[in-house]
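The structure comes first, and the description follows.

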Amino acid sequence: MRRLFWQMMISLDGFMEGPNSELDWLVSDEDFDRYGREMLASIDGMLLGRKTYQLFASHWPTSTQSEAPRLNELPKYVFSRTLERVEWNNSTLVRSDAVEAVQRLKQQPGRELALFGSAELASTLMHAGLIDEYRILVAPIALGSGAPMFKHVEQRVRLRLTHSETFSSGVVLSYYEPR
């Protein structure tokens, strides 16, 4: 069975974006770029909610960044009840039940699946027990307010730290698995 990990960069105080949806605080360095290349080589599919899809689709198709070709070629599963269509290369719109769709994707042969951003979708998948690993990148900045990473958590979710590394920028990448 394929594994699904959720990756998110957050501020030190737990926000995935600023109060006005700002992302200008996200940190990148050589260590992050290395990690990104290795991570993208290890997956064969991306899961995205509507907001993250629209953000990615507005940037990556015309980007000259080194990871753009890989992001553009990977299969993308976009979960939305409001989008009418998706146009980014290799994107599939999933309007059906997210839990059932992800269960089917995980049963297919292949490498890992990555969920980027998409806190609403992640919340649904987390409650269904479908996230196998949480990759949390903590940036050395406090935003004070914004959108929290964990939304709609109604009961405690216990996680076990399996690995951690610190990038030269001060970003700490931690890998957690559900207990």
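How many residues does helix α1 have, and how far does helix α1 reach from its first C-alpha to its last?

## Helix α1

Helix α1 (residues 30–42) has 13 residues and reaches 19 Å from first to last C-alpha, close to the 18 Å expected at 1.5 Å a residue; the expected span is 1.5 Å times one less than the number of residues. Helices (H or I, at least four residues) and strands (E, at least two) are DSSP runs, numbered from the N terminus. This is a predicted model, in which local features need pLDDT of at least 70, side-chain atom pairs count only at pLDDT 80 or more, and totals for chains, interfaces and linings use all residues. Residues are numbered from 1 along each chain as its sequence is written, and side-chain values use heavy atoms, with hydrogens and water left out.

Tyr35, Gly36, Met39 and Leu40 are the buried residues of α1; buried means under 20% relative accessible area, exposed over 50% and partly exposed in between (1.4 Å probe, protein chains only). Seen down the axis of α1, these buried residues fall within an arc of 125°, so they line one face of the helix; the arc is that of the directions from the helix axis to the C-beta atoms. They pack against β1, β3, α3, β6, β7 and β10, with contact meaning heavy atoms within 4.5 Å.

## Serine 11

Serine 11 is found in strand β1 (residues 4–11) and is buried, with a relative accessible area of 0%. Not counting residues up to four places away in sequence, serine 11 touches Trp25, Val138, Ala139, Ile141 and Leu143.

## Aromatic pairs

The whole structure holds 9 aromatic pairs. Rings of Phe, Tyr and Trp (its six-membered ring) pair if their centres lie within 6.5 Å; planes under 30 degrees apart count as stacked, over 60 as edge-to-face and the rest as tilted. Phenylalanine 32 and phenylalanine 167 have ring centres 6.4 Å apart and planes at 70°, so this pair is edge-to-face. Phenylalanine 32 lies in helix α1 and phenylalanine 167 in the loop between β9 and β10, so the pair ties together parts 135 residues apart in sequence. Phenylalanine 32 is partly exposed at 21% relative accessible area, while phenylalanine 167 is buried at 3%.

Phenylalanine 56 and tryptophan 88 also form an edge-to-face pair, 6.4 Å centre to centre with 75° between the planes. Tyr53, Phe56, Trp88 and Phe116 form one aromatic cluster.
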